[in-house]
Amino acid sequence: MAFSSDTMASRVTQRLLHRMVTVSITLFGLLALTFMIGRVMPIDPVLTVVGPDADSSTYEQVYQEMGLDQPLLVQFGIYLQDLAHGDLGNALLTGKPVLDDIIRVFPATLELATVAIIFGIVIGIPMGVYAATQKGRLTDHIIRVISLFGYSTPVFWVGMMGLLIFYAWLNWVGGSGRVGLAYEGLVEPVTGMILIDSIIARDWEVLASALNHVVLPAFILGLNSVSFIARMTRSFMLEQLSQEYILTARVKGLPERTVIWRHAFRNILVQLLTIVALAYGSLLEGAVLIETVFAWPGFGQYLTSSMMLGDMNAVMASVLLIGLMFVTLNLVTDMLYPIFDPRTR
Amino acid sequence: MTAETSMTASTSMGSTHPNRYQALWTLCQDSTKRLLKNPLTAVGLGVVIMLLLVALFAPWLATHDPLVQNLNNTLSAPSAAHWFGTDEFGRDIYSRLVHGARITLYIISLVTVIVGPIGLAIGAISGYFGGWVDTLFMRITDIFISFPSLVLALAFVAALGAGLEHAVIAIALTSWPPIARLARAETLQLRQADYIVAVQLQGASSARILCRHIVPMCLSSVIVRLTMNMASIILTAAGLGFLGLGAQPPLPEWGAMISTGRSYMLESWWLVAFPGGAILLVSLAFNLLGDGLRDLLDPRSE
């Protein structure tokens, strides 16, 4: 070791500190942006509270209670203060705090996205590795076109066609929702994720029904990740395969499989970690559409149905939280990077 | 790489030579030839040209009026009279798709026209001046990038109200940051170049240097990036249309067609299958084209 562990540690801390500062500025901006979007809306927030029949004195009173007579900056201050107390306002539909609603629906999305990313990893990585070993040949081109397809499909449309073909016509999978109607509410919601809850409750019928329902939406949601992971894996592998140590390994007469998986692939694991984290984050975007198509009671559907109702509190809070999750995910990956890869220290 | 170096040569001469456009034209011809060597890229380009032609000649290609209802002939299956069938109001789906190509093209071009200059300006100014200007602009860019684009567009449309124009504005607001980052990266490299230092020493103003010497140099890569963005613009627009936030009925926007067709999907699959196929085809074409362009300009990615 050429460096003392001391300087190494301080470098990592410095890097993290710098990251923290930029992230907090970004977060502040995120808040300002959602606040501003909330203010330009053409819907009168007072009217949604008092109703259209209220007289002008009630209107005036609520108007002042909501702090709308204050200058914008003061309003922003109040908004921040409420946020610091975890208060994102109440949702119109349920009348409950938006945050409670989101915590309730979020496990469903987490479940869907996790199954989707498993598809992405299990299909995408071997595809990418294989394409790299076949560079320039027909298989490589075919894989390239397949992954371009994954980027180009409107995910909601594939979802609908999937439902039509595999549910309505072939009856291979379950339809909308998370479990069959007969199994609804049978297991105790411990984690909120039916796959795990049914295992905890040892209710295998519910588990089977849940698996049957999750497989199609998760696969379709994961298509984009398959493409992304496959393409990135391919280019990382190509970079490794052109290195001299690979040549050495081949000259030594190691079997090609060992060269690919034991040598080259092991060296791209850290980069893949970042890519998978990015893909996982972007699944949130697809989830908004897929959940609408499959009537999946998650975060995405909550966001779109709140939007249809003109419930700005719920919409802004959801958008803000999605932004927060994105930033956090990026930060965590950034922090994990030096731990797994000594070269970046 | 050759493309970029010859680009550098042609444009840096351009400030003194009058035949800058001629050089650019030769470059374009040269690039097109190499671009079409890849059959996939050629297919992509072909479909994009087809989209342009269909949009241009929509009234002649359509067999029926896209908006006129015929309640005696609703939800009829694809046939010789109606190639892609009819929808719930008896309108011909093929004709609606053909006219929808105009809306798709309208969205793509409007977003691109808005996003290109904004991204270029922010990126070039940020990269050229550096310092606090750079920090400020890049932080703003970070904020916009930290939302998934569909979600941010959703929020903007929710605030502005549903509609085609608002969807365009929302998509534009979410798609300028990558362009700005690209332009900034290019500018940072250019700023150190000898010829920029030379014009600086001659006393050229910052505005002049930016407009005459930096922006033209960033143009080629920005244009490529804009082409690559078109597929995602189409998908975001379709997603907004599907959620009922984009183009409003009776406009034959493809995403909105899928949205209304959804209720009739189980009995009449053609209401959903064909508009979705059109979206897939066009966005795949732009992706193929963008992929080819990137290989051409950056062989390292291969």
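Biologist: Which helix of chain B do Arg139(B) and Asp142(B) both lie in?

Modeller: Both are in helix 6 of chain B, which covers residues 131-145. They are three residues apart, about one turn of the helix. Keep in mind that this is a predicted model.

Biologist: What do the side chains of Arg139(B) and Asp142(B) meet in?

Modeller: They meet in a salt bridge, at 3.0 Å from N to O. In general, side chains of opposite charge can pair when their charged atoms come close.

Biologist: Is Arg139(B) buried or exposed?

Modeller: Arg139(B) is buried. Asp142(B) is buried as well.

Biologist: Switch to chain A. Where do Asp101(A) and Arg104(A) lie?

Modeller: In helix 5 of chain A, residues 98-133. They too are three residues apart, about one turn of the helix.

Biologist: Why does Asp101(A) count as buried?

Modeller: Because its relative accessibility is 1%, and buried means under 20%. Arg104(A) counts as partly exposed, because its relative accessibility is 48%.

Biologist: Which residue does Glu256(A) form a salt bridge with?

Modeller: Arg250(A). The closest N and O atoms are 2.7 Å apart.

Biologist: And how accessible are Glu256(A) and Arg250(A)?

Modeller: Glu256(A) has a relative accessible area of 39%, so it is partly exposed. Arg250(A) is at 36% and therefore partly exposed.

Biologist: How many salt bridges are there over all chains?

Modeller: A search of the whole structure finds 10. Two salt bridges are counted between chain B and chain A.

Biologist: Let's look across the interface, then. What does Asp291(B) form a salt bridge with?

Modeller: With Arg144(A), and the closest N and O atoms are 2.7 Å apart.

Biologist: Which residues are linked with Asp291(B) in a network of salt bridges?

Modeller: Arg144(A) and Arg231(A).

Biologist: How many residues does the contact take from chain B and from chain A?

Modeller: 45 from chain B and 47 from chain A. The two chains bury about 4200 Å² between them. Carbon and sulfur atoms account for 78% of that.

Biologist: New topic. Where is Ala231(B) found?

Modeller: In helix 10 of chain B, residues 206-242. Ala231(B) counts as buried, because its relative accessibility is 2%.

Biologist: What does Ala231(B) touch, not counting residues up to four places away in sequence?

Modeller: Ser283(B), Phe286(B) and Asn287(B).

Biologist: And how far apart are Ala231(B) and Ser220(B) in space?

Modeller: 18 Å, C-alpha to C-alpha. In sequence they are 11 residues apart.

Biologist: Zoom out. How many helices and strands does chain B have?

Modeller: 12 helices and zero strands. Chain A comes to 13 helices, also with zero strands.

Biologist: What box do the C-alpha atoms of chain B fill?

Modeller: Roughly 75 × 45 × 35 Å, taken along the principal axes. For chain A, the C-alpha trace spans about 90 × 60 × 40 Å along its principal axes.

Biologist: What share of the residues in chain B is buried?

Modeller: 52% of its 302 residues. In chain A, buried residues make up 46% of 345.

Biologist: What about contacts in chain B between residues at least 6 apart in sequence?

Modeller: Of those, 70% join residues at least 24 apart. Chain A also gives 70% for such contacts.

Biologist: And the accessible surface of chain B? How much is there?

Modeller: About 13300 Å², with 67% belonging to carbon and sulfur atoms. Chain A comes to about 17800 Å², and there carbon and sulfur atoms take 65%.

Biologist: Last one. How many positive and negative side chains does chain B have?

Modeller: 17 positive and 17 negative. The centres of the two sets lie 9 Å apart. Chain A has 20 positive and 26 negative side chains, and the centres of those sets lie 23 Å apart.

Notes
Residues numbered from 1 in each chain as written. Chains lettered and ligands numbered in written order. Predicted model: local features only at pLDDT ≥ 70, side-chain atom pairs only at ≥ 80, totals over all residues. Heavy atoms only, no water. Helix = DSSP H or I, 4+ residues; strand = E, 2+ residues; numbered from the N terminus. Buried < 20%, exposed > 50% of the residue type's maximum accessible area, 1.4 Å probe, protein only. Contact = heavy atoms within 4.5 Å. Areas by Shrake-Rupley, 256 points an atom, 1.4 Å probe, with all protein chains shown as cover. Lys, Arg positive; Asp, Glu negative; His and termini not counted. Charge placed at Lys NZ, Arg CZ, Asp CG, Glu CD. Buried area = accessible area lost by both parts, 1.4 Å probe. Salt bridge = Lys/Arg side-chain N within 4 Å of Asp/Glu carboxyl O.
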